[in-house]
Amino acid sequence: MNTITTSTENAGQQRPRREQLNETRVWQVFARRKYEEPLHEIGNVVADDEELAKVYARSIYDEFSWIEMVLVPRASIVTVIAS
Amino acid sequence: MTTTTRTDNAALFAILSSLADNKQAIGRRYAYWCNGAPALEAAVAAAAMTQDELGHARTLYPLLDHFTQAEADPQQIEPETRTLHYHLRFLDQDFAGWTDFVATNFLLDTALTTFFEAAQNSTYDPLRQRARKIMQEEQIHWMHGEGWIKRLARAGGAVRAALVQSLTSLWAETLCWFGPNDDPVMQRLYQEGIIDATPDELRHRFLAKVVPTLNSVGIDVPVTFNAATKRYNQAQPLPWNRWDATGRRFTA
């Protein structure tokens, strides 16, 4: 059967297949378990797509019943004092 | 002495069998990719989705024992002893690649969720309760499927071609799962208020979910959009000659 067609072919044909799927965007994951505690960093995920980053954060950091979880793109973090 | 009061409803028994078998088969196919996904994050997500799908199957199989139809062959109500497999033919084989995972996630699992959405206010309490819980978990599955459709489509080249091939392989069989519009099974569920839609209406709802995402990445599917009704319709007849109404799957 040949019923689904593709109307546009993106650039990327020249890159190796696995390299085309390499993710480059890092997201810092912050969460908290109680309203009286502040958000704290619990890790990071790598995903170019924001929606996929949400899915990954929820599935990887599922050890607690968080009341809040947010993602911050690492690229948007401004360093004030470098370590 | 305990007595079990069983309900006589062949249509509901058939659909619950199909739902359970499809969820079970999806979970088993997903499981293979828990350490084979393109990235560590995707592998963890695959593991979580595997647990969810197998969990959905395990909440559905016990319902079969509530029906008169289970008495004919009691071994068919346990996944461990069941010899009938009413999952889609597409799931008979291992996934050939990650794109088969994504296509199943995006098309078939979304079709099943469309059914559960139609059962949110079901007159059959056990299905209504399970539908609401399943829909909560499926929100994440939808985000995963949609995200990967966009990602693979935008990768271009062989990756995009493989995705289109996987979607093509599953497209018609997924649409057929709802049955022809005069399908006595789905029609009975509709008439009894177990679901709130006919097979054609379920297909419309499903297409309204998946087609915009596919269109957004330039993947054309055989549907037409009716501007007056704001509905997507099949551009060509579905291959009902390949569809087995008992198994709700393609025979070839």
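How many residues lie between β2(B) and β3(B) in their hairpin, and which residue in the turn has a positive phi? The first point below takes this up.

This is a predicted model, in which local features need pLDDT of at least 70 and side-chain atom pairs count only at pLDDT 80 or more, while totals for chains, interfaces and linings use all residues. Residues are numbered from 1 along each chain as its sequence is written, and chains are lettered from A and ligands numbered from 1 in the order in which they are written.

1. The hairpin of chain B. β2(B) and β3(B) form a hairpin with 4 residues between them, and the turn residue with a positive phi, about 55 degrees, is Lys230(B). Helices (H or I, at least four residues) and strands (E, at least two) are DSSP runs, numbered from the N terminus. The two strands pair in the antiparallel sense over 4 bridges, where pairing requires that DSSP finds at least two bridges between the strands.

2. Most residues other than glycine have a negative phi. Lys230(B), in the loop between β2 (223–226) and β3 (231–234) of chain B, is exposed, with 9 other C-beta atoms within 10 Å. Arg248(B) also has a positive phi, of about 50 degrees, although it is not a glycine, and it is placed in the loop between β4 (243–244) and β5 (249–250) of chain B. Arg248(B), however, is buried, with 25 other C-beta atoms within 10 Å. The terms rest on counts of other C-beta atoms, placed from the backbone, within 10 Å of a residue's own: 20 or more for buried, 12 or fewer for exposed, and partly exposed in between.

3. The largest nonpolar core. This core has 85 residues, of which Tyr56(A), Leu16(B), Val102(B) and Leu107(B) touch the most other members; its largest share, 12 residues, comes from helix α3 (residues 98–118) of chain B. A nonpolar core is here a set of buried Ala, Val, Leu, Ile, Met, Phe, Trp, Tyr and Cys residues joined through C-beta atoms within 7 Å. Not counting residues up to four places away in sequence, Val102(B) touches Gly145(B), Trp148(B), Ile149(B), Leu152(B), Leu163(B) and Ser166(B), contact meaning that C-beta atoms, placed from the backbone, lie within 7 Å.

4. The packing of α4(B) and α5(B). The axes of helix α4 (residues 125–155) and helix α5 (residues 157–177) of chain B come within 6 Å and cross at roughly 130 degrees. The two helices are therefore oblique to each other, given that angles under 35 degrees count as roughly parallel, over 145 as roughly antiparallel, 65 to 115 as roughly perpendicular and the rest as oblique. Axes are lines fitted to C-alpha atoms, for helices over the stretch in contact, and angles run from 0 to 180 degrees between N-to-C directions. Leu152(B), Ala153(B) and Ala155(B) in α4(B) meet Gly157(B), Val159(B), Arg160(B) and Leu163(B) in α5(B).

5. The surroundings of Tyr190(B). This residue belongs to helix α6 (residues 184–191) of chain B and is partly exposed, with 19 other C-beta atoms within 10 Å. Leaving aside neighbours within four places in sequence, Tyr190(B) is in contact with Ile195(B), Ala197(B) and Thr198(B). The C-alpha atoms of Tyr190(B) and Ser122(B), 68 residues apart along the chain, are separated by 9.5 Å.

6. The fold of chain A. Chain A contains 2 helices and 4 strands, following the pattern β-α-β-β-α-β along the sequence. An open, antiparallel sheet is formed by 3 strands in the order β3-β2-β4; its edge strands, β3 (40–46) and β4 (68–73), each pair on one side only, and the twist averages 30 degrees from one strand to the next. Strand β2 (residues 26–32) is joined to β3(A) by 6 bridges, with Val29(A) having Gly43(A) as its bridge partner. Of the 83 residues of chain A, 18% count as buried.

Definitions and conventions
Contact = placed C-beta atoms within 7 Å.
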